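Let me put my protein up on the screen.

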Amino acid sequence: LILFDNPFSLKDLLYIVLFMKSSIFGHMWYMPMIIGMYIFLPYVSIIVKKFKFKEMLVPLIITFIVSFALPNLKQALIILGFRSEYITSIINMSFSGYQFGFYIIIGYYIYNYKLLKNIKAKTLWMIFTLSLIITTLFQVLCFSVYSDYRVSYDFAGIFVSSLCLFEIMCRITDEHKKQIFEYISKISLSIFFVHRPLFFILNKIIVFPCSIVLNIIIYYIIVLLFSILIIKVLSKNKFLKKYLLFVN
């Protein structure tokens, strides 16, 4: 049995399950991180409920610098041709959820403390769009200097656009729209499981005769729609719904 051009090994599988070796499946990167989040979140929830946003500013700023600012600055210096080996930190929060836990904490404060309530919806949409454009341009610049860097959740542009989109969604009052977003949120983990092999298959059999950017957009839409369709079909079986897709 061949997996991504690698021979299957029961020994390697055991090491991967015990977190003694990295998985050959790129989309399994989240496993060590999510376990850490499950361990620490109950304690973090007590802290954020006890302390107000202003009281948490210092640790939040430090976390932002370590998780977002330093990695982004380091990559920007590489693009500009400067030395960047000294732009680093010995603080390692990867097992505790790292920047992913930071998203959850900031989301909690935005929702409960209405931190962005004074910003108009049009302004939020503008910041959201601008952040995505900056993110895209940054990735293009990385490619232009033959860097293997890929923008991810630790990129400030993605973080800012996520906050804006979250605030926009929080303001939705239409019940039908709320149900749509709630359904997508419930099956988000299932979409994550399904989309990678689906994308791998479609990328092998379908090539659209247009630019790379348009191909990405088309693949994104098709994979998302097919993922939702597959999940709806598989969810008809209660066992698969609960234990394979983890949909409640």
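This is a predicted model: local features need pLDDT of at least 70, side-chain atom pairs count only at pLDDT 80 or more; totals for chains, interfaces and linings use all residues.

Two packed helices are described by the angle between their axes and the distance between the axes. Here, α4 covers residues 98–113 and α6 covers residues 156–170; their axes come within 11 Å and cross at roughly 35 degrees. The crossing of α4 and α6 is right-handed. On the α4 side, the residues that meet α6 include Phe102, Tyr103 and Ile106, and their partners in α6 include Ile158, Phe159 and Leu163. By class, that contact between α4 and α6 has 10 nonpolar, 2 polar and 1 charged residues.

Now the rings. Phe102, Tyr103 and Phe159 turn up again, linked by ring pairs into a cluster with Phe64 and Phe68. In total, the count is 18 aromatic pairs. Take tryptophan 125 and phenylalanine 128: the ring centres are 5.7 Å apart and the planes sit at 85 degrees, so we call that pair edge-to-face. Both are in helix α5, and because they are 3 residues apart, about one helical turn separates them. Which of them is buried? Phenylalanine 128 is, at 16% relative accessibility, while tryptophan 125 is partly exposed at 42%.

Another edge-to-face pair is phenylalanine 199 with tyrosine 219, with centres 5.6 Å apart and planes at 75 degrees. Phenylalanine 199 is in α8 and tyrosine 219 in α9, so this pair ties together parts that are 20 residues apart in sequence. Tyrosine 219 is buried at 8%, and phenylalanine 199 is partly exposed at 35%.

How values were computed
Residues are numbered from 1 along each chain as its sequence is written. Side-chain values use heavy atoms; hydrogens and water are left out. Axes are lines fitted to C-alpha atoms, for helices over the stretch in contact, and angles run from 0 to 180 degrees between N-to-C directions. Helices (H or I, at least four residues) and strands (E, at least two) are DSSP runs, numbered from the N terminus. A crossing is left-handed if the near helix is turned anticlockwise from the far one by less than a right angle, and right-handed if clockwise. Contact means heavy atoms within 4.5 Å. Ala, Val, Leu, Ile, Met, Phe, Trp, Tyr, Cys and Pro count as nonpolar, Asp, Glu, Lys and Arg as charged, and the others, Gly among them, as polar. Rings of Phe, Tyr and Trp (its six-membered ring) pair if their centres lie within 6.5 Å; planes under 30 degrees apart count as stacked, over 60 as edge-to-face and the rest as tilted. Buried means under 20% relative accessible area, exposed over 50%, partly exposed in between (1.4 Å probe, protein chains only).
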